[in-house]
Amino acid sequence: MSHPASNEQQVRERIARGRSLALVVGIVGLAASLAGMFGIFGDPKLAFQGYHFGFFYWLLLGLGCLGMSLLAHATRGQWTLPLIRIWESGARAIPVVMLLYVPVLALGMKHVYEWMHTEHVAEDPVLQAKSPFFFWPADYTGTPVFFLVRFVFYAAVWFLMANFLWKKSLQQDQAKDPIEGEVLSRQRTGPASGMIVAFMLVFTLAMVDFGQSLMPHWFSTMYAVIMVVGGGFLALALAVYMVLQWRDLPPYTGKITYMPYRRDWGNFMFTLTVFWSYVSFSQLLITYSGNLYEFTQFYLRRNDGGWQYLAYLIVIFHFFVPFFLFLAPRTKKVVPQLLAGAILVLAIRTVDIFWQIKPFFAETLSISLFDITAFVGFGGLWFYFMLGFLNQRALLPQNEARLMEVAHGHS
Amino acid sequence: MAHVETAPQLYGIMAEFETPEQLIEAAERTRAAGYKKFDCYTPFPIHGLVEAMGVEEAKVPWTVFICGLFGAIAFFSLQVYTSVIDYPLNVGGRDFLSWPYFIPITFEGMVLCAAFGAFIGMLAYNGLPAPYHPVFNVPQFARASTDRFFLCIEAKDPNFDRNRVYEFLQSLNPLSISEVEA
């Protein structure tokens, strides 16, 4: 085997240490959030809304991991090989995030979703017309059965997809030689391509439920696209960050993090910067041209009450700075510079998702304690499971002819 | 110099190699020997050759950047001039300076000018079109487009000395060495 398990020990120990820390932070964060839901730290509404932000963020990261794994298996890009195990593990941790959302479903739907307020819906023909999407077969005074059914459906679909990729990769690890490994790797491209279509359809629905329905009069056909690009960007930045952090430790040394791979990673981050900016701006331009209140209310809320300053920050650090940073060939040559780029992306993506979600709940720029406790709570548990999955298998794909070429090649 | 410059029409001295690896090594040693005016000719792009030659390729990217920036500013300004200053037009009660509307055109202008910068800049810096180039005077050079790799140290190099360059190239174990007439 090209990567004997013995010299991976250091990375595996770091993963194990990260896991314990993540578990502690996660439990503390979640405990604080749950306590808040029972009104221990004031208005429970803030606790539920903060909890929704934490859920949305880590769900998006998990889905980004799933989307990137699908893309990697479908296209068989060589540059994905050092990162793919991180994505597969992250995708497999999605059910944890879904499960942790149960307190909101059980106790606090009213605090998060405006369409749960029977008295609002009763006066509002638009919301009444939309209510079957959530309440079918009951009417809007009942339980949101259809919404809950979809919730379970999403969790099942994402688990099955992530598990399928996980099993197929494990099969390759256990193949008898790289030739069999290559055959298995090629066999995955078909199902993975088909699953990308299913993934996008399910993802679009989920973004209607967990994102757009927070402002139920508003809708945007660009929303799911913006979010899937943002999720994939987050997953890519995280994987690049982790691998580059460990670049001096086997198995990530030498050619696993060498220049041609870093160039591809940097170029892909550049691509996602541009694509994210393109779809985000398109949504703004279409809204601006249409000039109808049902569309503009999304931006009116985010361009006022202090939220506009976050918007300026996002324009600068989500477009201009990464645009030139990832454009420069130097960024891909100098490891700390690419690492800084990945950290920048992780930071500004977090600001962006906060700017996307929080103004649904608050008219003025504000951050509550529960936004933070839920963020670290979900994050801690997500990392606990994700790192656990990562440690269960080889850290790099085994019996992978394309990786062996690199490891033993002369170029 | 003891040697008399008898051939002012000499363009340079060229060595022929069989493999890309030999050429990369030759380029590295040529650079290490202090020669600056030399060039490599290959039938296909070779990874690592540019680095081995030590070529600073900063000109085209900066040309593209400046042209792109010019395009973006120029096209944005044009729209500001036409819709805000010269002929202010009320469209649905929006501001005259409705910048979101101007972005697509600004983007197009940037791409247009940047592409011109890349295309024309590349030709200009490469000295193209070049109807005549001295290296074609060497008969072996015909194989530069099929299966041979050439390195030519040019006479305009400040360190150029016919005999010493000849000896130096000899030390690289080429298939052949030829004088290139200008």
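Me: What do the buried residues of α4(B) pack against?
Reply: They pack against α3 (59-86) of chain B. Keep in mind that this is a predicted model. The buried residues in α4(B) are T106(B), G109(B), M110(B), C113(B), A114(B) and G117(B). Here's a handy rule: an α-helix has 3.6 residues a turn, so residues three or four places apart point the same way.

Me: How do you know that the span of α4 of chain B is close to what's expected of a helix?
Reply: Compare two values. Helix α4 (residues 99-125) of chain B has 27 residues, and at 1.5 Å a residue 39 Å is expected. From its first C-alpha to its last, the helix reaches 37 Å, which is close to that. After α4(B) comes G127(B), with a positive phi near 70°.

Me: Which element of chain B has the highest mean pLDDT, and which the lowest?
Reply: The highest is α4(B) with 95, and the lowest is helix α2 (residues 49-53) of chain B with 85. For chain B as a whole the average pLDDT is 89, and 95% of the residues score at least 70.

Me: Why is I73(B) called partly exposed?
Reply: Just count neighbours. I73(B) has 14 C-beta neighbours inside 10 Å. Buried needs 20 or more and exposed needs 12 or fewer, so a residue in between is called partly exposed. That's where I73(B) falls, with its count of 14. You'll find I73(B) in helix α3 of chain B.

Me: Which domains does chain B have, and how far apart are their centres?
Reply: The domain assignment gives domain 1 (10-43 + 147-181) and domain 2 (59-125). Their C-alpha centres lie 46 Å apart.

Me: What is chain B built from?
Reply: Five helices and four strands. Along the sequence they follow the pattern β-α-β-α-α-α-β-α-β.

Me: Why is N291(A) called exposed, and why is N399(A) called buried?
Reply: Neighbour counts again! N291(A) has 12 C-beta neighbours inside 10 Å, so it counts as exposed. N399(A) has 23, so it counts as buried. N291(A) is in the loop between α12 and α13 (293-302) of chain A, and N399(A) is in the loop between α17 (369-392) and α18 (401-408) of chain A.

Me: What is phi in those two residues?
Reply: Phi is near 55° in N291(A), a positive value in a residue other than glycine. N399(A) is also a non-glycine residue with positive phi, near 50°.

Me: Where are there cis peptide bonds in chain A?
Reply: One joins W136(A) and P137(A), with omega about 5°. P137(A) sits in the loop between α8 (132-135) and α9 (145-173). Another runs from P250(A) to P251(A), with omega near 5°. P251(A) lies in the loop between α11 (223-245) and α12 (259-290).

Me: How many residues of each chain are in contact with the other chain?
Reply: Four residues of chain B are in contact with six residues of chain A. On the chain B side, they divide into two nonpolar, two polar and no charged. For the complex, the predictor gives an ipTM of 0.78 and a pTM of 0.87.

Notes: Residues are numbered from 1 along each chain as its sequence is written. Chains are lettered from A and ligands numbered from 1 in the order in which they are written. This is a predicted model: local features need pLDDT of at least 70, side-chain atom pairs count only at pLDDT 80 or more; totals for chains, interfaces and linings use all residues. Helices (H or I, at least four residues) and strands (E, at least two) are DSSP runs, numbered from the N terminus. The expected span of a helix is 1.5 Å times one less than its number of residues. Two residues are in contact if their C-beta atoms, placed from the backbone, lie within 7 Å. Ala, Val, Leu, Ile, Met, Phe, Trp, Tyr, Cys and Pro count as nonpolar, Asp, Glu, Lys and Arg as charged, and the others, Gly among them, as polar. Domain bounds come from an automatic or database domain assignment. pLDDT is the predictor's confidence in each residue, from 0 to 100.
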